[in-house]
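Thanks for coming, everyone. Let's take a quick look at the salt bridges in one structure. Please bring it up on your screens.

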Amino acid sequence: MHTWGGSMASSSPDAPRSCDCFVSVPPASAIPAVIFAKNSDRPRDEVQEVVFIPAGTHNPGSRLQCTYIEVEQVWKTHAVILSRPSWLWGAEMGANELGVCIGNEAVWTKEPVGEGEALLGMDLLRLALERSSTAQEAVHVIAGLLDRYGQGGSCREDPEPFCYHNTFLLADRTEAWVLETAGRLWAAQRIQGGARNISNQLSIGTDISAEHPELRSHAKAQGWWTGQGIFDFAKVFSLTQQPVRMEAAKARFRAGCEMLQRQQGSITAEVMMDILRNKESGICMDSGGFRTTASMVSVLPQDPTKPCVHFLTATPDPSRSVFKPFIFEVGVSQCPQVLSPTFGAQDPVRIVPRFQSQVDRRHSLYRGHQAALRLMEDGQEQAQQLRTKQQSLEQEGLAALRGLLTGEQTPPPQGLGSLFQAFVEREQQAYA
């Protein structure tokens with residue numbers, strides 16, 4: 001089988017991946033909560049759906065079909081909310097009912113990227129959410145799956161494969177972890193306070209909290225590290241010749257870092273939303289065939305009696321989208337307006353060779369939002385009216401969050417379970 005070396009695998013000029021993930025752990029947060037955020041930057045016309053999967057119990061020995069390969073199912077899985085490109089099984093970002101949140105990023109290292117089909121980084125993300133009760137456990141779940149199944153396969157709906165390895169930002173109510181991979185190898189860093197971001201590059205240096213047992217011996221055997229002195233993961237495993245888009249990621253990483261540092265101690269959900277909407281830095285992306293196709297901000301209170309609130313857009317361009325609150329509570333179910341149509345065995349992802357044709361995956365909110373974006377680009381007055389409607393809807397969601405955090409609002413649990421659905425319906429009405 002032909003294997004791409006790291007530099008070759010990243011040679012497509014229009015690479016459809018460049019995400020940014022952020023986390024704030026008290027005392028960096030303005031409130032006693034961990035705050036997680038991600039922009040998912042993908043091929044321009046790719047549709048992202050928001051999918052709710054209830055908790056489940058499974059038969060011993062049963063198999064689970066992921067995007068390309070099957071894995072062994074576990075007996076019990078947690079309920080999850082996922083924001084995912086609607087052609088694949090995994091997710092770009094999401095949360096589980098216990099308040100674990102994960103976002104992933106593409107990365108290229110000295111370790112070659114194979115073209116063989118294995119688990120996508122997005123599959124690893126969903127599997128970890130379904131199987132973990134803390135961010136630390138999620139790190140171990142991903143490490144175990146990497147060891148057993150590996151990572152690989154094309155990450156876009158295109159006959160020309162595009163492959164990469166992954167980095168992950170994982171958070172729960174008490175702390176966050178960064179997990180960075182190179183093939184089956186990995187290093188992880190624990191964040192127990194402060195703010196942190198990741199952007200398509202290795203960022204763990206010498207501060208390693210956990211690692212693959214063969215990480216250093218492999219680096220030594222490859223001649224990447226002498227075995228002398230302090231081991232710097234990013235320095236040892238990063239490509240000497242960085243692809244153009246990884247250079248661009250460096251600028252976004254620095255900009256994200258600066259924005260977080262400026263707001264240290266006063267980071268809120270709104271601050272994270274503003275960062276995700278920042279076009280100047282490229283964090284809110286729209287260039288060369290790809291853009292921010294969906295965004296997410298999660299507030300994970302340290303007080304376990306308060307609910308975690310996950311804000312999801314389900315539409316592209318956060319600067320012209322609504323962050324809508326989702327809460328795991330009584331009566332929560334799938335919101336049909338943000339679910340893409342399915343094509344079963346006729347789906348181009350299921351027919352080998354894959355992706356020889358295109359299908360229309362737009363869900364109804366996406367269609368409404370598309371029409372609204374066109375209006376926003378055309379008419380001044382209408383554009384302003386629409387944006388005002390979007391902003392007031394979002395403010396309502398943020399007010400509900402504040403009420404829940406302060407304890408001033410104690411709505412019935414079933415009201416919370418259907419909150420996301422209600423906000424989606426109102427957003428759709430605004431576009432009608």
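**Salt bridges in this model**

Start with R216, which forms a salt bridge with E211; their closest N and O atoms are 2.9 Å apart. By salt bridge I mean a side-chain nitrogen of Lys or Arg within 4 Å of a carboxyl oxygen of Asp or Glu. R216 is partly exposed, at 32% relative accessibility. E211 is partly exposed too, at 26%. For reference, buried is under 20% relative accessible area, exposed is over 50%, and partly exposed lies in between (1.4 Å probe, protein chains only).

Salt bridges can also share partners: K279, D317, R320 and E377 are joined into one network that way.

A word on the source. This is a predicted model, where local features need pLDDT of at least 70, side-chain atom pairs count only at pLDDT 80 or more, and totals for chains, interfaces and linings use all residues. Residues are numbered from 1 along each chain as its sequence is written, and side-chain values use heavy atoms, with hydrogens and water left out.

How many salt bridges does the rule give? The count is 23.

Next, E92 and K38. Their closest N and O atoms sit 3.1 Å apart in a salt bridge. This pair links distant parts of the chain, 54 residues apart. Are these two buried or exposed? Both E92 and K38 are buried.

Last, R44 and D286. Their side chains meet in a salt bridge, 2.5 Å from N to O. Again distant parts of the chain are linked, here 242 residues apart. R44 is partly exposed, with a relative accessible area of 31%. D286 is partly exposed at 42%.

Methods: Helix = DSSP H or I, 4+ residues; strand = E, 2+ residues; numbered from the N terminus.
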